[in-house]
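Hi,

Here is the structure I promised to pass on to you. Have a look at it first, and my notes on what turned up follow below.

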Amino acid sequence: FTLNGIEYTLKKVHTAENPDDTIKITQNVDSVFDSIKLFVDEYNKLVDKFTEAISEKYDRNFPPLSKDQKEALTEKEIEKWEDKAKTGILRNDPILSKILSDMRMALVDTVEGTGINLSSIGISSRSYLDRGRLTIDEDRLKEAIRQKLDEVKNLFINQSETVPEYTRELTASERSARYKEQGLLFRISDIVEDYISTIRDKDGRKGILLEKAGIEGELSEFENSLAKSIRSYDVKINEFMVKLAQKEEKYYRQFAELEKFMNRMNSQMDWLVSQITVMNQGYR
């Protein structure tokens, strides 16, 4: 049976012959360890995905296809080409780099009132080559869970008393107070919320990434910074095409006039030559 969140399993019936039976409670270290390990594994997957996108090299042998080039290829060939053309498209992207940096700092900075950090309980990056991936020292972590369960719990899931609710409209001082008091899981959650929130703030803005690129199948797919930039470039291209057509027309008119003048000059030259020939014959 379960009482006050603790599961009891009775091994024998209490009798008068056993008056000193006691109930002993021990922490389920493995369960807590497995939860923390799951968090670390998922965090490392996220780091790997970000790192791969930021460091992927651009293949200059596969520039975007023009309309004429697409017409000369099959759909499968176009798909393969465009997959290659997309490699390295997020290389050194400032937004992704900032998210990764923010998450790393969130895990390193101390959580007020806990007296511990990830490193002190056996979770750390081995070297800069890991690019922020975390490694668990199983023995140290399990020992920390046994000896300091409350501190370990608060390190991950402590909730801010000063600013218990998070919104993207918090002031700088409110954000700072919440950040210092929040456990690591809530810190990561707040960071992610800043970037992918689908809820608009008082200025009508969604998360930073949604404002930048939008979500497929939603209004933001067409109303985002990249889409607006593309439309702006399309307008500029059309304006330049109009100017180019006007320039071409201007030069064609000039060339036509020049050709008329050249023909007139050639006619005059022919007349002069003929006159000189007649004069030479007269002198003979």
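**Surface patch and aromatic contacts**

Tyr251, Tyr252, Phe255, Leu258 and Met262 together make a nonpolar surface patch of about 570 Å². Please keep in mind that this is a predicted model. Met262, one of the patch residues, belongs to helix α10, which covers residues 225-283. With a relative accessible area of 47%, Met262 counts as partly exposed; it can join a patch because the cut-off for patch residues is over 30%.

Now to the rings. The structure holds four aromatic pairs. One of them joins Phe39 and Phe156 in an edge-to-face arrangement, with 5.8 Å from centre to centre and 80° between the planes. Phe39 sits in helix α1 (residues 29-55) and Phe156 in helix α6 (residues 149-157), so this pair ties together parts that lie 117 residues apart in sequence. Both Phe39 and Phe156 are buried. Together with Tyr43, Phe39 and Phe156 form one aromatic cluster.

Which ring does the charged end of Lys142 sit over? That ring belongs to Phe33, and the charged end of Lys142 is 5.0 Å from its centre. Arg187, in turn, lies over the face of Tyr179, at 4.3 Å from the ring centre.

Key
Residues are numbered from 1 along each chain as its sequence is written. This is a predicted model: local features need pLDDT of at least 70, side-chain atom pairs count only at pLDDT 80 or more; totals for chains, interfaces and linings use all residues. Side-chain values use heavy atoms; hydrogens and water are left out. Patches are made of residues with over 30% relative accessible area and no salt bridge: like charges are joined within 9 Å, nonpolar side chains (Val, Leu, Ile, Met, Phe, Trp, Tyr) within 5 Å. Accessible areas come from the Shrake-Rupley method with a 1.4 Å probe; for residues, only the protein chains shown count as cover. A salt bridge is a side-chain nitrogen of Lys or Arg within 4 Å of a carboxyl oxygen of Asp or Glu. Helices (H or I, at least four residues) and strands (E, at least two) are DSSP runs, numbered from the N terminus. Buried means under 20% relative accessible area, exposed over 50%, partly exposed in between (1.4 Å probe, protein chains only). Rings of Phe, Tyr and Trp (its six-membered ring) pair if their centres lie within 6.5 Å; planes under 30 degrees apart count as stacked, over 60 as edge-to-face and the rest as tilted. A charge sits over a ring if NZ of Lys or CZ of Arg is within 6 Å of the ring centre and within 35 degrees of the ring normal.
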